[in-house]
Amino acid sequence: MAILKIARMGHPVLLQRAASVPDPTAPAVQRLIADMTETMLDAGGVGLAAPQVHESIRLFVYFVPGGRASDDPDDKPQPITTLINPVITADGPAQSLRWEGCLSIPGLRAAVPRYDRIIVDATLPDGQSVTFRASFFHAGVIQHENDHLDGILYPMRMTDHRLFGFNEELARYPADLPVLS
Ligand code: NI
């Protein structure tokens, strides 16, 4: 295993549409997943997409920590999970602003509109296909990581650019922030 270099906003790899993974069970893919998992945990993130480590292919790793989950059955804590060649479909029109950061945009976060509920189709690293529903935080992480596979970074999704700042400053003035769902 190895800790990989994370591309930061401005690197063109982050703006490319990533290619499908032809064989999710290939040893090189398994090695990349192991390295991406180690890199995500080392960096303190909850998700990491392959383009962020300079591999322009359609897979990402993520998890939902207990403290970020909610009571909704589709927003429970999730172990570290890898989704390969995912397809995300909105499950209804409802969207909410949710605070998010990105390991490719260190030190900053913003409120970004995301669908509350999605349906996910993907392949797992063992080659099995899965379909599941995700909501709220769980859905937001998946939408953020899936966007990386299409060359989309969260500032490109923002609707209110006032809700964008450095973590330290936002933490210093919590009373000035709107309460988001
Ligand atoms: Ni990101």
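The model is predicted, so local features need pLDDT of at least 70, side-chain atom pairs count only at pLDDT 80 or more, and totals for chains, interfaces and linings use all residues. Residues are numbered from 1 along each chain as its sequence is written, and side-chain values use heavy atoms, leaving out hydrogens and water.

**The sheet**

- Three strands form an open sheet in the order β4-β5-β8, with antiparallel pairing.
- Helices (H or I, at least four residues) and strands (E, at least two) are DSSP runs, numbered from the N terminus. Two strands pair if DSSP finds at least two bridges between them.
- β4 (95-100) and β8 (164-166) are the edge strands; each has a single partner strand, so one side of each lacks a neighbour in the sheet.
- From one strand to the next, the twist averages 30°. Axes are lines fitted to C-alpha atoms (for helices, over the stretch in contact), and angles run from 0 to 180 degrees between N-to-C directions.
- β4 and β5 (residues 108-115) run antiparallel and are joined by six bridges. W99 stands opposite A111 in β5.

**The helix on the sheet**

- Helix α2 (residues 136-149) packs on the sheet and touches β4 and β5. Contact means heavy atoms within 4.5 Å.
- The direction of α2 makes about 105° with that of β5.

**The largest pocket**

- A pocket is an open set of points on a 1 Å grid over the protein atoms alone, where a 1.4 Å probe fits, with protein on both sides within 12 Å along at least five of seven lines; lining residues have an atom within 4 Å of a point.
- The volume of the largest pocket is about 540 Å³. Volume here is the space filled by probe spheres set on the points, with grid points joined across faces, edges and corners.
- The lining has 26 residues, and V46, R68, W99, E100 and G101 are the closest to the centre.
- α2 supplies the largest share of this lining, six residues. β4 also supplies at least two.
- By class, the lining has eleven nonpolar, eleven polar and four charged residues. Ala, Val, Leu, Ile, Met, Phe, Trp, Tyr, Cys and Pro count as nonpolar, Asp, Glu, Lys and Arg as charged, and the others, Gly among them, as polar.

**The second largest pocket**

- This pocket holds about 280 Å³ of space.
- Of its 15 lining residues, I88, Y115, Q143, D147 and R157 lie nearest the centre.
- β3 (78-90), β5 and α2 each give two or more residues to this lining. β3 gives the most, with five.
- Six lining residues are nonpolar, four polar and five charged.
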